[in-house]
Amino acid sequence: MVEAGKRFVCIHGHFYQPPRENAWLEVIELQDSAHPYHDWNERISAECYAPNASSRILDADQRSIKKIQNNYSRISFNFGPTLLSWMKDYDSEAYEGVLEADRLSIEQFGGHGSALAQVYNHMIMPLANKRDKITQVIWGIRDFTERFRRKPEGMWLAETAVDTETLEVLAEHDIVFTILAPRQAATIRSIGSENWQEINEQSLNTKRPYRCHLPSGRHIDLFFYDGDASQSIAFNGLLYDGRNFAERLLSEFDPNDQGAQLVHVATDGETYGHHHAHGDMALSFCLDYIDKDPRARLVNYGQYLTLFPPQYEVKIHERTSWSCYHGIERWRENCGCHSGGKPEWNQKWRKPLREALDWLRDELGVLYEKESKLALKDCWAARNDYINVVLNRKDPVLRKFLSEHAAADTDITKVLRMLEMQRHAMLMYTSCGWFFDEVSGIETVQIMQYACRAVQLSRQFTKIDLEENFIKKLELVPSNLPMFGNAAEVYRRNILSNKTNLQRVGVHYAVASVFEEEPESLPMFNYKANNISLVKKEAGEQKLVVGVTKVKSLVTRSEKIFAFGVVYLGKHDLICHLRMDPDMEKFPGTESELTAAFMDGRLGDVMEQLRAFFGPEMYTLWHLFTDEKRKVLDQITTRSLRELEQSLRYTYNRDYPLINALSNNHIPIPRAYRTTFEYVLNADLTDCFTPERIAIKSLDRIAAEMDRWGLVVDDPDRIARLAGESIFKEIRRIEGEGENTGRIVRLNKVFALLKKLQIQPKLHKSQNLYFEFAMRKKDEQGNNPDWIREFVILGINLGVRIEFD
């Protein structure tokens, strides 16, 4: 019988999303495929990252929450740095939950945090040159240290892709361990023995750590996860039942081995909630089950190494990974690995695409070294330290960086352009660009967008244009889709058309200023606009905006002054003119003439004067960046829909008695009337959740009407989100105003009405808030029994069961 004190379980989650940010704006633009969320990061965070920071354990009847816990604090995990950067800005609650989990794990696991670092932008390390390997590791460590406030013990390699040179770089930078797949181990022997034993993924004992001695004399420790159990979690339904999940892990121990054993698994973290709905709850139950079971205890890798240092050493199979049976060919060859969506397609595009990017990387490296000779003391050391600026672009950080790396009187914009060029030259190697099936897929377009940005930056500080030759190389990259033919056409259609510079930002600002009350408060992503002059005039629906603004990049610090004139004719009909570096002596006169002509209703003169001062080139609403364009079009559409709604509401009110009479006499109701009623009632339903308070009386009426006429909610996901947000606000008010029984009674009525409408509100945040509030109330004395009764009913409605004495 194995001693329980020597049996341990560790579950590792690799949490990562490919960068989706626009390469110029550094933000993720609207992705309709993620509806009702803004983008896929937001959707996956709602389904996985946030739930795992406050996951639920249900009671015996599986109907109510009895416990909420932070899963991250009891597993081993890594988050991609680019994903954490997004979470910090767009899901700060989940982000703080991840950081807090690491602090909690340090207390639980003997001073060892559960968070691992990751190579910065998920580059396939064996295919990277030595310089990029070093920078990827340094940036991953610095990003980790900045966020978690400690040095990492372990580092996750993208796709667990490994070679000896990569391990050398990890060890050189004080990384203690990494995690690999069992098939990546080649030979083993006990430390001190002379004889090596060949093994494979079936014969390798994954329940122990291994030491890998490196040619430099350094070493690094390796954990090889349990492949079969990991496969069952990710693909074979083990997450359907948390108890089965736990028992499967506990059954993996070898009863004949009296030594220490570590059963550990590794999967994509998105398995727990995104790939498998409620996977976070299965994980939560499993962790709680193992925590209470005397047969084993939870551990993380750092603590296990301290308790049981490696007794065996290992040599790896070079250039291998966890997601390609052919080694690392998935990222450079048509090896047969694909995502399965289109089995008739091939991936012959992978090799020439990598060759094109390798060529570009090397050309950019030559330019960087040449142009930086007089500007930077050591260009590659500067690149390694540039992560400090990427993490914090404020002026004091930039000044410190320049004082350490730049020569005196250096052109700051040129230095920043060179370093940004290098950053994008690494981002273009993000592994997802090769993982899927087609070169025109969004992940591959994303890495080509980074390449385009790198080329653009190189042209801004040299007279050399690499783009023509780069496009020629892309012509050799075949597409499976006849509409494209090759990657060069993908590049022209999907990337060059979206390329941005200061002028494009100026156009965006000018057009958006028509619709914004305070244009200077308009989100400009990583740019900033400051007005020098701005005049806005309105004549009915028509508008004129004339101004001068300075647009500055917050990344490269480059700036330009633009004059602009915009005429809005109504709906989506708009004409914009722009001029860079305008004649400021002539501009005031032009501004006055334009304003006078517009106010006199002389639109022909306005157009003529715009062309005379600004030139013939015109821009329209379609030149706005995606999110602002959608915002403006939504405003325009909403106004039109309100007019349509008024017309339909008039019919609804006027003919309601007639429809009622038809219904009472069992006469079929014409489809046009049913459509009208459904439209009006759905508009009213949305309005129930948009004011500060939930309109319960209106909600009651709408539920009754929809039930009576057999109508349906046309966008249940959107209503579910709106209802969830409103319920959360109501619980906040309940928490803040004392024992107001009436407010809880009214809120409890909402749940019955939503059920009648077949709406399941998004309650995750409300459940968290209720649970925390209830725990505090349990400790209080003298609670109003009527309030407690209704509060318990509220918990039942939320799916949270708290027992009050």
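In this predicted model, β5 (115-118) and α9 (301-307) each contribute at least two residues to the lining of the largest cavity. The points below begin with that cavity and then turn to an open pocket, the nonpolar cores and the paired rings.

**Largest cavity**
- The lining of the largest cavity consists of S76, G113, S114, A115, L116, R150, E153, G154, F177, N300, Y301 and G302.
- By class, this lining comprises four nonpolar, six polar and two charged residues.

**Second largest pocket**
- The volume of the second largest pocket is about 1,400 Å³.
- Its lining is made up of 47 residues, and A234, F235, D268, W322 and S323 are those nearest the centre.
- At least two lining residues come from each of α1 (40-53), α6 (227-235), β12 (261-268), α15 (432-435) and α16 (442-461).
- Helix α6 provides the largest share of this lining, with six residues.
- The lining of the second largest pocket includes 19 nonpolar, 16 polar and twelve charged residues.

- In soluble globular proteins, nonpolar side chains tend to be buried together.
- The largest nonpolar core here contains 73 residues, and I11, Y72, F77, F79, M87, F245 and L249 have the most contacts inside it.
- Helix α8 (residues 279-292) gives the most to this core, namely six residues.
- Another core, of 70 residues, lies apart from it and has L127, L364, F435 and I495 among its members.
- When neighbours within four places in sequence are left aside, L249 is in contact with V9, I11, A229, V263, V265, C286 and I290.

**Aromatic pairs**
- The structure has 41 aromatic pairs.
- The pair formed by Y72 and F79 is edge-to-face, because the ring centres are 5.5 Å apart and the planes stand at 65°.
- Y72 is buried, with a relative accessible area of 0%, and F79 is also buried, with a relative accessible area of 4%.
- Y656 and W709 likewise form an edge-to-face pair, because their ring centres are 6.0 Å apart and their planes stand at 85°.
- Y656 belongs to helix α22 (residues 626-664) and W709 to helix α24 (residues 696-709), so this pair ties together parts that lie 53 residues apart in sequence.
- Both Y656 and W709 are buried.
- A cluster linked by ring pairs contains F15, Y49, Y72, F77 and F79.

Note on methods: Residues numbered from 1 in each chain as written. Predicted model: local features only at pLDDT ≥ 70, side-chain atom pairs only at ≥ 80, totals over all residues. Heavy atoms only, no water. 1 Å grid on protein atoms, 1.4 Å probe; cavity = no way out; pocket = protein on both sides within 12 Å on 5 of 7 lines; lining within 4 Å. Helix = DSSP H or I, 4+ residues; strand = E, 2+ residues; numbered from the N terminus. Nonpolar A, V, L, I, M, F, W, Y, C, P; charged D, E, K, R; others polar. Core = buried A, V, L, I, M, F, W, Y, C linked by side-chain atoms within 4.5 Å. Buried < 20%, exposed > 50% of the residue type's maximum accessible area, 1.4 Å probe, protein only. Contact = heavy atoms within 4.5 Å. Points joined across faces, edges and corners; volume = space filled by probe spheres on them. Phe/Tyr/Trp six-rings, centres within 6.5 Å; stacked < 30°, edge-to-face > 60°.
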